[in-house]
Amino acid sequence: MSLRRAQRRSNLLRDCFALKSRARNDTKGIMTPTRFDHTIIIDLVEPQSKVLDLGCGDGTLMSLLIDKKQCRVTGLEINEKAVFECLKKGLTVSQADFDTSLADFSDGRFDYVILNESLQQVLHPKNVILEALRVGKKAIIGIPNFCHMQARLQIFFGGKVPVTSKLPYQWYDTPNLRFLALKDFHRFCKDNRIKILKEVGITESSVVGFRPNLFANIGVYLLSK
Amino acid sequence: MNSLGTVQTQSVTLFHPPNPLVLKSGMKLGPIDIAYETYGKLNAEKSNVILIFHTLTSDANAAGLHKGAKNPGWWDDMIGPGKAFDTNEYFIISSNVLGSCKGTTGPASINPAMNKPYGLSFPFVTIDDMVRAQKLLLDHFGIKKVLCAAGGSMGGLQALLWATLYPDIVESVIAIACNTRHTAQQIALHEVSRQAIMADPDWNAGDYYGVSIPARGMAVARMIGHITYMSEKSMDEKFGRKLIGKEKLGFDFTHDFEVESYLKYRGDSFVSRFDANSYIYLSKALDYFDMAAETSLVQAFASAKAKFLVIAFSSDWLYPAYQSREMVRAIRANDLDVSFIEIQNNYGHDSFLVEVEGQSQVIKPFLKKVYEDR
């Protein structure tokens, strides 16, 4: 079940962003993020931090954090192929289901715990977020916005569950277990006394300053307890 | 693939009186011969040392070919120029374990006090004792740091103990297809093997040297071993119900099936290359292995400082992957750097010997990183 979930997660990463999932090495050998959400996340991280990346995929973001911010990065990932890709890059990664394995880490072990594009697929998101904020001093969470205007229009005029280029799944094959809007996430943070230190609404190539809950595809949050 | 070419086993005698090895049982043993091989070149700072540990019935010949031998060392696909354990980069030491019969002192060795083979007068050895003997070999080389301690199966257990017994020496560990304590099923399987040997009249309470060989018992022990090293699926794929030397079932007790003849071949060839007493001693050493015997598993790794790479195989039912996951969780709970992958395949416990491609692609960058980060 969890393996299937992870498999689908990598599909989601691919489809949801419709962007290449690999960082590019430019001529000087310096890595450049090819995904805008990665650019935003990297900006949020202080240099030389200790970072845990939950659902780290093939390690693209981890490599970027090491390269650009000299971070010490550990990843957890359930998919064997993705773990294999990370190990091939010399990254520290464990094949594990982070719904259950965060309990092993001591309090405040990491400066940041990153949950990018994986929260909507975990079984116990509340527990995972609270655990992320226990083992990390801060958490960076990226969530897809299920109430983007395009989706709202489809529900309103089409009278059916939205399928858009950014939310490409039919109801019967979606890997997503949780459907939330940026607004829902605000509410969740308030209810659980989690501080939102920063919120960035983005599309695949730019920041959405005006009404992100309507126009952003993704919300990236910097949180603390 | 490049090979190391011809290699040979060397030997050194350590633990001379008055400094015997004090074993975990409290008994003392010395002097001790240790058979070993080295591959690659030790660099000037002595900082490129990798220790490779072997399994229950293997030997110091991990790679390269012995003069006149048909087959190269047991991990030849993994050790050599450009391979996972790259001998162009690293200096590799592989030694035969204490209690074995492949050059290091064991029950078949001559007891200097009696001037005849030890037999059952050989003291009980544990994995800890093997590691402590290896440490003296390292001292003999004047080496103060180990870049990586690596092994699969019983070799993995040695690697784990190196990290916890000598945390200031060991910089990284690669533990493959192993666990932190022998489970009831593993002990049970070993006990059947031991009983097979001990029930053989030719075993003669371990006192058979120069007289007989408990060949039937050893062959059965080895057959059991081989069944546990393969997965149900790999056996079925390899042999299925194929008949051997006949068109249809014979309705007698000669061999009908290919798998029967394979096991017989494995059993018989084992008799000529291994000592029965070594087998029962070493299998007992494995069964005594329990890192959490006196403490919690998390606490058992508290002394370690190494970076870990743990590899398990989905089809390994002798050392199942969940046991590796337990190990990883205990290591992680000590805030140590640990990587873990469960490789999906059908080869069973033997995977660590045959899954060369997958392991190499993971091990090579791991070692490179450890070497760079020193």
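Among contacts in chain A between residues at least 6 apart in sequence, what percentage join residues at least 24 apart? The share is 62%, where two residues are in contact if their C-beta atoms, placed from the backbone, lie within 7 Å. The structure is a predicted model, in which local features need pLDDT of at least 70 and side-chain atom pairs count only at pLDDT 80 or more, while totals for chains, interfaces and linings use all residues. Residues are numbered from 1 along each chain as its sequence is written, and chains are lettered from A and ligands numbered from 1 in the order in which they are written.

Chain A has 9 helices and 9 strands, these being DSSP runs numbered from the N terminus, with helices (H or I) of at least four residues and strands (E) of at least two. Of the 225 residues in chain A, 45% are buried; a residue is buried if 20 or more other C-beta atoms lie within 10 Å of its own, exposed if 12 or fewer, and partly exposed in between, with C-beta atoms placed from the backbone.

## Helix packing in chain A

Helix α2 (residues 36-44) of chain A and helix α3 (residues 60-69) of chain A have axes that come within 10 Å and cross at roughly 45 degrees; axes are lines fitted to C-alpha atoms, for helices over the stretch in contact, and angles run from 0 to 180 degrees between N-to-C directions. α2(A) and α3(A) are therefore oblique to each other, on a scale where angles under 35 degrees count as roughly parallel, over 145 as roughly antiparallel, 65 to 115 as roughly perpendicular and the rest as oblique.

On the α2(A) side the contact is formed by H38(A), I41(A) and I42(A), which meet L61(A), L64(A), L65(A), K68(A) and K69(A) of α3(A). By class, the residues of this contact of α2(A) with α3(A) are 5 nonpolar, 1 polar and 2 charged, where Ala, Val, Leu, Ile, Met, Phe, Trp, Tyr, Cys and Pro count as nonpolar, Asp, Glu, Lys and Arg as charged, and the others, Gly among them, as polar.

## Chain B: overall form

Chain B has 11 helices and 14 strands. Its radius of gyration is 20 Å, close to the 21 Å that the globule rule gives for 374 residues, so chain B is as compact as a globular protein of that length; the radius is taken over C-alpha atoms, and the rule is 2.2 Å times the number of residues to the power 0.38. Along its principal axes, the C-alpha trace of chain B spans about 65 × 50 × 45 Å.

Buried residues account for 49% of the 374 residues of chain B. Among contacts in chain B between residues at least 6 apart in sequence, 71% join residues at least 24 apart.

## Helix packing in chain B

Helix α1 (residues 127-141) of chain B packs with helix α2 (residues 154-165) of chain B at an angle of about 65 degrees, their axes lying 9 Å apart. α1(B) and α2(B) are therefore roughly perpendicular to each other, and α1(B) passes α2(B) in a right-handed crossing. The residues that make the contact are I127(B), D128(B), M130(B) and V131(B) of α1(B), together with L157(B), Q158(B), L161(B), W162(B) and L165(B) of α2(B). They divide into 7 nonpolar, 1 polar and 1 charged.

## Backbone geometry

Most residues other than glycine have a negative phi, and most peptide bonds are trans. Q70(A), although not a glycine, has a positive phi of about 50 degrees; Q70(A) lies in the loop between α3 and β4 (72-77) of chain A, and is exposed, with 10 other C-beta atoms within 10 Å. S153(B), also a residue other than glycine, has a positive phi near 55 degrees; S153(B) is placed in the loop between β11 (148-152) and α2 of chain B, and is buried, with 26 other C-beta atoms within 10 Å.

In chain B, the peptide bond from P17(B) to P18(B) is cis, with omega near 10 degrees, and P18(B) is found in the loop between β1 (10-14) and β2 (21-22). A cis peptide bond also joins G30(B) and P31(B), with omega about -5 degrees, and P31(B) is in the loop between β3 (28-29) and β4 (32-39) of chain B.

## The contact between the chains

The contact takes 18 residues from chain B and 16 residues from chain A. On the side of chain B that touches chain A, the elements giving two or more residues are α9 (321-332), β14 (338-343) and α11 (356-373) of chain B, and α11(B) gives the most, with 6 residues. By class, this side of chain B has 8 nonpolar, 3 polar and 7 charged residues.

Key: Left-handed = near helix turned anticlockwise from the far one by under 90°.
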